Amino acid sequence: MIKNEPNQQAVELTGLTKRFKNHTAVSDISLTIPAGTAFGFLGQNGAGKTTTLKMLIGLLRPSAGEANVLGHDPVADGLHVKQHVGYVPEQQTMHRWMRVHEAVRFCRSVFPTWNDALCSDLLKRFNLEAGKRVKHLSKGMVVKLSLVLALSHEPELILLDEPMAGLDPIAREELIEGVLQILCDRAVTLVFSSHTLSDVQRLADTVGMIHEGRLLVHRPVDDLLAKTKRIRAVLADGAAPAAQPDGAIWHRVQNREWLVTVRDFGPDTIDRLRAANPVETVEVIDLGLEEIFKDYVKGWRASS
Amino acid sequence: MIKTLLWKDYRQNLRLLVAIAIFLAIPYVVMVVAAAAVRLRDSGLGGSTDDLHVPWNMMLMQASLCSIVMLVVASAFIAGNAFAGERADRSAEFTAYLPIPRGSTVVSKALVAIGACMLFLLVDTCIAFITHGLGGLIWHDNTADPIIGFAVTAVLIFGVAWLFSAISSSPGMAAASGLMSVILVGGSLTLIDFTRSGPEIMLQRWYAPLCLLFGLGGFICGVLYYLRRGDI
């Protein structure tokens, strides 16, 4: 049995790459996710979030690199990993003819660690009727059922792939609260993907921004928000920026206005900027997760 | 676990199996309707029911043989739906992310598919043998030939459809591949017979061995492909 020890890594990716014929969906991703933390994958549609999560659960075989989930290779030790991971896919793939209690019975028979009391509790919490067929459930209810099935075997790692996509605000709130409750009750590791920044900000301790298959940044959310700043400088008449500050993610010059976003804003960043550039006034702007994400994407596009 | 998988695969194929059962019942219905029509016509003419031109048991036996021939075709759809059916409705992903050994999945699918074919065959064969016995019909030396022919054809169709079901996401395409394999094997041998001169008839000599070879080969390759398949 795998147990999360303090400081143990729940997920370790090294140069993880997935190619589909000529298309590279995930390119050289390396990151570690400590056990007991919540990690949010942030990226646009088609960025490679789903492909990465599918490689973590062993549904896809990496083209290059390595994935290590709870100390095991998801391809070589697929069964072992699946027994200790709860996965909620983006597209619900449950057999539509199954009734809720049949889906529960089916999953119960394949997980040795199935917890009946927890399952009943979750079914009650999410108001899922045992006799209803999956095809007669709303999208939100199917996601909730999928979450019940993913959690009832008491996994050590939960993978949620865009769980809130397409849900109405009430179902979304119920689901987020449900997930937060589980995170509080049990010391599990959560890895989820989303392109909704507010969800990431609420749930994640650490965020990974992914774009066109590449991991642009991987940092704790608080650290990212605290240290990523946009500097708005007014350049001297007729002057151009001489040197970008260290850790510049993106910059734009429009007339005399110079906007530059930096990743590690410190007390001396402004002084160094002033010393190296002909600027008249400087203003520091706090950024939200959305703006930070956009600046990372724009910066990556400009550099590539 | 295997019991749950068997239940799941049976339920997954239930609609198809019901459709095939109805399809295989058509010859019996036709025979019953035809017999009733003959009886009505004869009784209308003032004749006795004993004057039937074709006895009941003979008609039932013909219906059962016809149903067995239709089962050979239907086996393509049963095998074709084995893996590709779940891939087509995307439910394959659901079972793929659960801790279910692929070996168990294959065993369950094979038991359901082969079991369904055997069950249908058993019903038809029982009717054929009972009616054959009742009619006092004689078993000739060459009576077994067509039975062997149908049996090996069924093996070929099932095996090839099974292989393509393991590879593709389309149950229809897998079933069509199984049916096409008969045309390919039979057609190729016939073509060889046309183009060469000699006392030996290739179709007669090689059809059954080739059907068994490709059928069993297809089945084994399908199993191995599924077990070793990287992505679902």
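Select Ala88(B) to begin: leaving aside residues up to four places away in sequence, Ala88(B) touches Ser169(B) and Pro171(B), a contact being heavy atoms within 4.5 Å. The model is predicted, with local features needing pLDDT of at least 70 and side-chain atom pairs counting only at pLDDT 80 or more, while totals for chains, interfaces and linings use all residues. Residues are numbered from 1 along each chain as its sequence is written, chains are lettered from A and ligands numbered from 1 in the order in which they are written, and side-chain values use heavy atoms, with hydrogens and water left out.

Stay on Ala88(B), which lies in helix 3 (residues 84–88) of chain B; helices (H or I, at least four residues) and strands (E, at least two) are DSSP runs numbered from the N terminus. Ala88(B) counts as partly exposed because its relative accessibility is 45%, where buried means under 20%, exposed over 50% and partly exposed in between (1.4 Å probe, protein chains only).

Of its 232 residues, 40% are buried, and among its contacts with a separation of 6 or more, 81% join residues 24 or more positions apart.

Now show chain A together with chain B and select the contact, to which chain A gives 28 residues and chain B gives 25 residues. The two chains bury about 2,400 Å² between them, 64% of it on carbon and sulfur atoms; buried area is the accessible area (1.4 Å probe) that two parts lose on being put together, summed over both. On the chain A side, colour Thr93(A), Trp97(A) and Phe106(A), which lose the most area to chain B and together make up 27% of what that side buries.

Then pick Arg11(B) and Glu102(A), which form a salt bridge with their closest N and O atoms 3.5 Å apart. The rule (a side-chain nitrogen of Lys or Arg within 4 Å of a carboxyl oxygen of Asp or Glu) finds 2 salt bridges across this interface.

Finally, select the elements that give two or more residues to the side of chain A that touches chain B, namely helix 1 (49–57), helix 2 (78–83), helix 3 (100–110) and helix 5 (139–151) of chain A. Helix 3 of chain A supplies the largest share of that side, 6 residues.
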